[in-house]
Amino acid sequence: MNYTVNDKGFYGNYGGAYIPEMLFPNVEELREQYLGILGDPGFQTEFNTLLKDYVGRPSPLYFAKRLSDRYQAKIYLKREDLNHTGAHKINNTLGQILVAERLNKKRIIAETGAGQHGVATATVCALKGIECVVYMGEKDIERQAPNVSRMKILGAKVVPVKSGSKTLKDATNEAIRDWINNPEDTHYIIGSVVGPHPYPDMVTRFQAVISEEIKAQLLEKEGSENPDLIIACVGGGSNAIGAFYHFLDNESVKLVGVEAGGLGVETGKTAATIELGKPGVIHGSRTMLMQTEDGQIMEPHSISAGLDYPGVGPIHAHLCDTGRVEYANVTDEECLNAGFLLSKLEGIIPALESAHALAYLEKIKLAENNVIVINLSGRGDKDLATYIRHSEE
Ligand SMILES: *Cc1c(COP(=O)(O)O)cnc(C)c1O
């Protein structure tokens, strides 16, 4: 595998662990233990059994006939939207709760912006009967009331963060502070392929089940495990790397990551990190980062809360540098159009995040025999209010 992390935690020029000294023991414990835990047959058995019986895997690879007719290609949808809790995030939180158990941790912390990762974390904590504390900006708590209720019903404590802009970045700072103060008994569940080493690699390994399944499913349906093209949306980049992972070394499979263009990359109201970013350090790793001239982190904008992040996982910065993955972006409007189109053509209302991947179909020329896989990272139930607001126009 040409694109795996090295023993210092770097992907080319990106990654590493840029953390305050006081966090070092926690991260070091995880770094020393994670590969041993993941490789243990007992861990593998429990993880795979829960993926099957609790999450509902394998998620179907669905041949979308009417969408295929429209774009004159063979389009398959990888249905992560059918997972328990409605997205791919549960693959990772489930993996991490099993790691936490094996590290004898009695308490889980997480931060959440839109609430999706908070819900996926609260879910696995309930499953295991482990205490769960979720940090969330006060502004996000107001904006994402249904997910706050879900977390509480699941037994999690949601802590409002009142500092700074009262959003994700401030919630992250609070979670880190908590972890520093509770190094013995607490595990911090990070929700994407971001953060200090070993998180990006650990989360990649948990999400890689997506591409492992795609291979087996394509072999059965097409007689070849390799498609011509795989498209996935990129926020932090976990669903995308999950869909790409087992194809990275096969250059004949084209891989495209679609970022949130927001109102357009030229407007500054955007979350297209790879398009606009420069190298910098965020949340413990060196990666591409949207920043102002004087190096401050830019406030991102996207219609989809899950893509509204000013950084990107270090592996994606590296895959962009090497040219192995092509990164594109689509606007809020293009995303909405694609979401409405899939709803009408296939009877599937996609998450607005996933609709970014679908919108990319408008940007390319396809041939009739092209086999394309789109990773449908989540379902659109959570986005109904946004869909409704835009359907009258
Ligand atoms: C959180 C989320 C994303 C973005 O996160 P990645 O780490 O980039 O995958 C994408 N789609 C859905 C449905 C999400 O909930």
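Helix α9 (residues 199-207) has eight of its nine residues buried, so it is largely enclosed by the rest of the structure; the buried ones are Tyr199, Pro200, Asp201, Met202, Val203, Thr204, Phe206 and Gln207. Buried stands for under 20% relative accessible area, exposed for over 50% and partly exposed for what lies in between, with a 1.4 Å probe and protein chains only, while helices (H or I, at least four residues) and strands (E, at least two) are DSSP runs numbered from the N terminus. The model is predicted, so local features need pLDDT of at least 70 and side-chain atom pairs count only at pLDDT 80 or more, whereas totals for chains, interfaces and linings use all residues. Residues are numbered from 1 along each chain as its sequence is written, and side-chain values use heavy atoms, with hydrogens and water left out.

**Strand β9**

- In strand β9 (residues 229-233), five of five residues are buried, with Leu229, Ile231 and Cys233 on one side and Ile230 and Ala232 on the other.
- Strand β9 pairs in the parallel sense with strand β10 (residues 254-262) over five bridges, pairing being defined as at least two DSSP bridges between two strands, and leucine 229 stands opposite lysine 254 in β10.
- Three bridges join β9 to strand β14 (residues 371-376), also in a parallel run, and here isoleucine 230 stands opposite valine 373.

**Aromatic rings**

- The structure holds seven aromatic pairs, meaning rings of Phe, Tyr and Trp (its six-membered ring) with centres within 6.5 Å, where planes under 30 degrees apart count as stacked, over 60 as edge-to-face and the rest as tilted.
- Phenylalanine 63 and tyrosine 76 form a tilted pair, at 5.4 Å centre to centre and 55° between the planes; phenylalanine 63 lies in strand β3 (residues 61-63) and tyrosine 76 in strand β4 (residues 74-79), so the pair ties together parts that are 13 residues apart in sequence.
- Phenylalanine 63 is partly exposed at a relative accessible area of 32%, whereas tyrosine 76 is buried at 4%.
- One aromatic cluster is formed by Phe43, Phe47 and Phe206.

**Histidine 390**

- Histidine 390, in helix α16 (residues 384-391), is partly exposed at 24% relative accessibility.
- Leaving aside residues up to four places away in sequence, histidine 390 touches Ile303, Leu336 and Phe340, a contact being heavy atoms within 4.5 Å.
- The C-alpha atoms of histidine 390 and leucine 336 are 8.0 Å apart, although 54 residues separate the two along the chain.
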